[in-house]
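Here is a friendly walk through one structure. Have the sequence and the 3D view open as you read.

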Amino acid sequence: MRIVLLGAPGSGKGTQGEKLVARFGIPKVSTGDALRAAVNEGTALGKRAKVAMDAGELVANEIVIGIVDERLQQPDARKGFILDGFPRNTAQAETLDGMLQRMGSGGITHALHLHVNDEEIVSRLLERAKIEGRADDKEDVIRNRIAVYNAETAPLIAYYKAQGVAHTVDGMGSLEEIFERLAAVLTA
Ligand code: AP5
Ligand code: MG
């Protein structure tokens, strides 16, 4: 399985992605986690990324594509993978398709779209802000992340629909309920 998790900020990509790793035994690649690690390490790449991340804007395509390309070359990704937060625009999706073709693996098998309404997103992320203090979990930045998602990333649902691999799953409810909905799609 070569899975893409699509969904607005706070829709549960990271949370459900971890549960899918545990159930299906394939690695998860999160560009957001990789970028936050680079920011914490203070690398040149991290410094470049931080400006965009703090504003809720997308980081440059070449940076995130480099992260994913390197990670998918690792041997453990050969049996499949879960991408969390990548691709985020059409250019990234097309580059990913090209990458998979060059690697000789098939294309994306499932693009799972977690659907959650905006008020729930804002409330989840403001709750997380109290606990984790992520720099981009501030209400104005959250609203911008939602707008960027709607403009840049939501069109990928149609992109993957055209490939016959898109599935929209209700992302509201308990973690277990949502996980079972995703697992049902993957085992269908
Ligand atoms: P990224 O790290 O990908 O953040 P995001 O898309 O904004 O999403 P989140 O991580 O906030 O939410 P999530 O969907 O993972 O939900 P989670 O499971 O955590 O990206 C951050 C930034 O990096 C971007 O803005 C951009 O700048 C840059 N970036 C990353 N990838 C990029 C790319 N490809 N191209 C360009 N730039 C890129 O859940 C959220 C919260 O809700 C948690 O506290 C969780 O505990 C809680 N929760 C989860 N499920 C439920 C539930 N069912 N009920 C109640 N609470 C729940
Ligand atoms: Mg996440």
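## Helix α5 against helix α8

At roughly what angle do the axes of helix α5 and helix α8 cross? Helix α5 (residues 90-103) and helix α8 (residues 155-162) have axes that cross at roughly 30° and come within 10 Å. That makes α5 roughly parallel to α8, a label for angles under 35 degrees, with over 145 counting as roughly antiparallel, 65 to 115 as roughly perpendicular and the rest as oblique. On the α5 side, the contact (heavy atoms within 4.5 Å) is made by Thr-90, Ala-93, Glu-94, Leu-96 and Asp-97, and on the α8 side by Leu-156, Tyr-159 and Tyr-160. Sorted by class, this contact has five nonpolar, one polar and two charged residues; here Ala, Val, Leu, Ile, Met, Phe, Trp, Tyr, Cys and Pro count as nonpolar, Asp, Glu, Lys and Arg as charged, and the others, Gly among them, as polar.

A word on the basis of all this: the model is predicted, and local features need pLDDT of at least 70, side-chain atom pairs count only at pLDDT 80 or more, and totals for chains, interfaces and linings use all residues. Residues are numbered from 1 along each chain as its sequence is written, chains are lettered from A and ligands numbered from 1 in the order in which they are written, and side-chain values use heavy atoms, with hydrogens and water left out. Helices (H or I, at least four residues) and strands (E, at least two) are DSSP runs, numbered from the N terminus. Axes are lines fitted to C-alpha atoms, for helices over the stretch in contact, and angles run from 0 to 180 degrees between N-to-C directions.

## Helix α7 meets α8

Helix α7 (residues 139-153) also packs on α8: the two axes come within 5 Å and cross at roughly 30°. Tyr-149, Asn-150, Ala-151, Glu-152 and Thr-153 of α7 make the contact with Pro-155, Leu-156 and Ile-157 of α8. The class tally for α7 with α8 is five nonpolar, two polar and one charged residues.

## Rings and a charge

How many aromatic pairs does a search of the whole structure find? The search finds one, where a pair means rings of Phe, Tyr and Trp (its six-membered ring) with centres within 6.5 Å, and planes under 30 degrees apart count as stacked, over 60 as edge-to-face and the rest as tilted. Tyr-159 and Tyr-160 form this edge-to-face pair, at 5.1 Å centre to centre and 85° between the planes. Both tyrosines, Tyr-159 and Tyr-160, are buried (under 20% relative accessible area, with exposed over 50% and partly exposed in between, 1.4 Å probe, protein chains only).

Elsewhere, Lys-19 lies over the face of Phe-179, 5.3 Å from the ring centre; the criterion is NZ of Lys or CZ of Arg within 6 Å of the ring centre and within 35 degrees of the ring normal.

## Two loop residues

Gly-56 sits in the loop between α3 (44-55) and α4 (61-72) and is buried, with a relative accessible area of 8%. Beyond its neighbours within four places in sequence, Gly-56 is in contact with Val-141, Asn-144, Arg-145 and Val-148. Val-141 is 85 residues away along the chain from Gly-56, yet their C-alpha atoms are separated by 5.4 Å.

Pro-87 belongs to the loop between β3 (81-84) and α5. A cis peptide bond joins Phe-86 to Pro-87, with omega about -5°.
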